[in-house]
Amino acid sequence: EELLSRNNGRRVLIDIKHMSILARKRYYEIVAEKRSKGDNIPIICSHTSLNLFDTMDDAARIPDDYCKDKDAYLSKFSINLSNDEILHIADSNGIIGIILNEGRMPGEKGKSAIQACGNDMQKKGQVYIKLIMSNIIQIIKTVNRKEAWDIICIGSDFDGVIDPFETYMDAQTLKNLPLDIIKYLSDPFDLDWIKVTAADIKTKYMFSYTPEQI
């Protein structure tokens with residue numbers, strides 16, 4: 001309450017990253033209550049991936065271990081965001097930073113897809129873009145409003161697991177990311193991991209933006 005108060009100057013916005021699901025639930029309740037009284041607090045998740053569960057309860061029901069991720073392309077661990085959390089953040093005009101991390105974003109099937117590329121950086125780059133765009137488009141798909149594009153950013157923290165995508169290893173190579181996203185959106189391929197087709201991206205999820213605008 002003190003951090004969010006304006007009684008002692010500017011409020012301190014709280015980052016939900018690294019909160020447990022129970023803590024995140026309570027925080028969303030606090031933010032929703034304040035918003036109902038006319039005080040909007042943007043929810044910040046500074047660096048994360050999506051676990052594709054519909055709800056936080058679904059994400060918490062299964063322990064976070066190897067078995068949970070065994071058949072997953074995107075990691076199902078509860079530290080990542082479920083669909084209902086995406087909506088909480090969107091409703092608050094908050095922000096979601098997409099983490100570019102092999103140790104946190106992919107599940108075991110995603111990691112296997114990366115490893116299958118060997119040293120072929122072109123193929124590996126395709127898998128990385130598929131992982132990144134699966135996260136981004138899942139946010140757009142869940143919110144289903146043009147404004148969803150406004151809440152997405154790069155989450156450059158690595159959770160202490162320093163395992164960056166090899167095509168975006170540092171500040172110099174990171175400059176390629178917007179170019180690669182423009183290339184993908186100009187000629188998208190299916191994101192079968194989240195059940196989205198290339199046609200869906202063009203006709204439903206770009207909301208009349210050009211790739212360059214996005």
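**View 1. Salt bridges across the predicted model.** The count of salt bridges comes to 15, where a salt bridge is a side-chain nitrogen of Lys or Arg within 4 Å of a carboxyl oxygen of Asp or Glu. Side chains of opposite charge can pair when their charged atoms come close. Arg6, Arg11 and Asp39 are joined in a network of such salt bridges. This is a predicted model, in which local features need pLDDT of at least 70 and side-chain atom pairs count only at pLDDT 80 or more, while totals for chains, interfaces and linings use all residues. Residues are numbered from 1 along each chain as its sequence is written, and side-chain values use heavy atoms, with hydrogens and water left out.

**View 2. The salt bridge of aspartate 159 and arginine 104.** The closest N and O atoms of aspartate 159 and arginine 104 are 2.8 Å apart in this salt bridge. The pair links distant parts of the chain, 55 residues apart, with aspartate 159 in the loop between strand 3 and helix 7 (171-174) and arginine 104 in the loop between strand 2 and helix 5 (108-115); helices (H or I, at least four residues) and strands (E, at least two) are DSSP runs, numbered from the N terminus. Both aspartate 159 and arginine 104 are buried (buried means under 20% relative accessible area, exposed over 50%, and partly exposed in between, with a 1.4 Å probe and protein chains only).

**View 3. The salt bridge of glutamate 166 and lysine 124.** The side chains of glutamate 166 and lysine 124 meet at 3.1 Å, N to O. Because glutamate 166 lies in the loop between strand 3 and helix 7 and lysine 124 in helix 6, the pair ties together parts that are 42 residues apart in sequence. Glutamate 166 counts as partly exposed at 36% relative accessibility, whereas lysine 124 counts as buried at 7%.

**View 4. The salt bridge of glutamate 147 and arginine 145.** In this salt bridge the side chains of glutamate 147 and arginine 145 meet at 3.9 Å, N to O. Glutamate 147 is partly exposed, with a relative accessible area of 44%, and arginine 145 counts as partly exposed at 35% relative accessibility.

View 5. An open sheet is formed by 3 strands in the order 1-2-3, with parallel pairing (two strands pair if DSSP finds at least two bridges between them). Strand 1 (44-48) and strand 3 (152-155) stand at the edges with a single partner strand each, so one side of each is left without a neighbour in the sheet. Strand 1 and strand 2 (residues 95-99) pair over 3 bridges, and cysteine 45 stands opposite isoleucine 96 in strand 2.
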